[in-house]
Amino acid sequence: MDAEGGDGGIAFRGLQSRSGPKTKLRKRKSTLYASAPEKGARPAGDLLGENIYLVLFIIALRVLNCFLVQTSFVPDEYWQSLEVAHHMVFNYGYLTWEWTERLRGYTYPLIFASIYKILHLFGNDSVQLLIWIPRLAQALLSALADLRLYSLMRQLDSQEVARWVLFCQLCSWFTWYCCTRTLTNTMETVLTVLALFYYPLEGSKSVSSAKYVSLVAFAFIIRPTAIISWIPLLCTHFWQEQRKLPLTLHHFLPVGFVTLSSSLIIDRIFFGQWTLVQFNFFKFNVLHSLGTFYGSHPWHWYFSQGFPAVLGTHLPFFIHGCFLAPKRYCILMVTVLWTLLVYSMLGHKEFRFIYSVLPFCMVFCGHSLAHLKSWKKAALSFLFLSNTLLAFYTGLVHQRGTLDVMSHIQKVCHSSSNKSSASILILMPCHSTPFYSHVHCALPMRFLQCPPDLSGNSQYLDEADVFYQDPLKWLHREFPEDISLPTHLIIFSALEKEISAFLAARNYERTAVFFHTYLPEGRTGTHIYVYEQKANGKLNRMNLWTV
């Protein structure tokens, strides 16, 4: 009843006074008129601000994702993270030339080194845990990024649009392929999505300049090129901000100072000298363009091949969504285009370099699906099936041999009574396989090296190039006497015919075969062969060969 009920209220009170004893009425809560929950209150059954069942589903999906990716992608997922962490904790492992030239920082490997140290302290540093725990940690971070993308879209748009954006994100084949790998690109993408959640987009209710700037700075420390995709966003924020001086003095400068100082201190501890790895990285890859030593592509490669391949069957929905999305998403479209243009100016190009803007593209794909009417079921089936098939093929079939063969090397190590009696020579394109991080055994191992020439010698050839010019000549020069031979050779099937004479003359016998890929290219092959040396009709277990 109204507080000031007028005559009606007086009549009602009179009627109540004549009705004898007061009747106590039961209070009922009305859903219609229930007061809104207090600001900051979290509804029961929620986790991270979302429905607990949705959170658990996404976590379970990414954990499953982790175990269903059993193939190799690029060497950096091992050699620039796990191998370095293994060396930091267990004092053996291989540091590539990037670390001797101080082009990489220790901040990212330190995350995995911390995990390794904890496992070691508890006596649980088995090789399987060393392989899978870091990947599970990366999977959980990717799940958090998925949830934050969904939460952001719920703030900016309708529930339906948010749902379709999440669907596109979860069924993207390239996200499935990359999001559980221990790549700096994967961490960069996670931090980019988390930072976007706190970025002042129009309509966002989770804005925090301090948080998003801190996440961007952290992404820059881990991978300096992360700043490329954030330049349009940072400039837009600065341009639209009314209080530019406080933004700069209270957020940009302090966060930048603290983050860069932390990076300098961490690298000072492990390098033993003061090093600004971000500048070294920029000088090597941009000023000197030495990254082209590992391959170069024409300027249009990202537009003609890279971006369409990464988006896959999402591409038509992305284009459609660009015409439908509200104006406030224009900055995301500009960021995607800017990132593609900047990376197109660099000679060395890879699919993973543009992975960080893939979640931005899913925003437009979600808008496309939300606006579809008659063809929606067909479009959803098409997206789900095409991406699932591609995700399973790339995750379980394509390029799996280089990981499977490391399991065999583990058995070689543990089956040898004297670890120094076995030795491994990997005659494959350099960094084809992981190394000690996937063996966790001080077994003498060697691979063909391929550091770039930093002296400007135009005739320079690395060890791998010299080997593949004349494999037999290289083998005879490196191993003139039987006593120096390794007990095990690991090769791609494409090389077997060329060195068959050497294998027969030195009593090597094929003892294991691992499928690698149906689509070999360059120096790779469909299978990986393991050859073991025999002596007097028996497999040789005693050898003095070391690396």
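How many bridges join strand β3 to β5, and do the two strands run parallel or antiparallel? In this predicted model, four bridges join β3 (residues 424–427) to β5, and the two strands run parallel; strands are taken as paired if DSSP finds at least two bridges between them. The model is a prediction in which local features need pLDDT of at least 70 and side-chain atom pairs count only at pLDDT 80 or more, whereas totals for chains, interfaces and linings use all residues. Residues are numbered from 1 along each chain as its sequence is written, and side-chain values use heavy atoms, with hydrogens and water left out.

Helices (H or I, at least four residues) and strands (E, at least two) are DSSP runs numbered from the N terminus. Within the pairing described above, the bridge partner of I426 in β5 is I490. Strand β5 comprises residues 488–492 and is mostly covered, five of its five residues being buried, where buried means under 20% relative accessible area, exposed means over 50%, and partly exposed lies in between (1.4 Å probe, protein chains only). In a regular strand the side chains alternate between the two faces of the sheet. In β5, H488, I490 and F492 point one way while L489 and I491 point the other way, and all are buried.

The loop between β3 and β4 (445–447) contains H431, a residue that has a positive phi of about 65° although it is not a glycine. H440 is found in the loop between β3 and β4 as well, and its phi, near 50°, is again a positive value in a residue other than glycine. H431 is buried, with a relative accessible area of 15%, and H440 is likewise buried, with a relative accessible area of 15%. Elsewhere, G347 is found in the loop between α16 (330–344) and α17 (358–371) and, at 26% relative accessibility, counts as partly exposed. The C-alpha atoms of G347 and W301, which are 46 residues apart along the chain, are separated by 10.0 Å.

Rolling a probe the size of a water molecule over the atoms shows where empty space is left. On a 1 Å grid over the protein atoms alone, a cavity is a set of points where a 1.4 Å probe fits but cannot get out, and its lining residues have an atom within 4 Å of a point; grid points are joined across faces, edges and corners, and a volume is the space filled by probe spheres set on the points. The structure holds two cavities of 30 Å³ or more.

About 150 Å³ of space lies in the largest cavity, which is lined by 16 residues, with R104, G105, T184, I221 and I222 lying nearest its centre. Helices α5 (107–121), α10 (209–222) and α13 (277–287) each supply at least two residues of this lining. By class, the lining of the largest cavity has nine nonpolar, five polar and two charged residues, with Ala, Val, Leu, Ile, Met, Phe, Trp, Tyr, Cys and Pro counted as nonpolar, Asp, Glu, Lys and Arg as charged, and the others, Gly among them, as polar.

The second largest cavity holds about 70 Å³ of space and is lined by 13 residues, of which S142, A145, Q169, T189 and Y355 lie nearest its centre. The elements that give two or more residues to this lining are α6 (127–156) and α9 (184–198), and α9 gives the most, with four residues. The lining of the second largest cavity has six nonpolar, five polar and two charged residues.

A pair of aromatic rings is described by the distance of the centres and the angle of the planes. Rings of Phe, Tyr and Trp (its six-membered ring) pair if their centres lie within 6.5 Å, and planes under 30 degrees apart count as stacked, over 60 as edge-to-face and the rest as tilted. A search of the whole structure finds 39 aromatic pairs. The rings of W474 and F479 have their centres 6.3 Å apart and their planes at 75°, so this pair is edge-to-face; W474 is buried, with a relative accessible area of 2%, and F479 is buried, also with a relative accessible area of 2%. The rings of F515 and Y518 have their centres 4.7 Å apart and their planes at 50°, so this pair is tilted. F515 counts as partly exposed at 23% relative accessibility, whereas Y518 counts as exposed at 60%. Ring pairs also link W79, Y92, Y94, F435, Y436 and F447 into a cluster.

Technical notes
1 Å grid on protein atoms, 1.4 Å probe; cavity = no way out; pocket = protein on both sides within 12 Å on 5 of 7 lines; lining within 4 Å.
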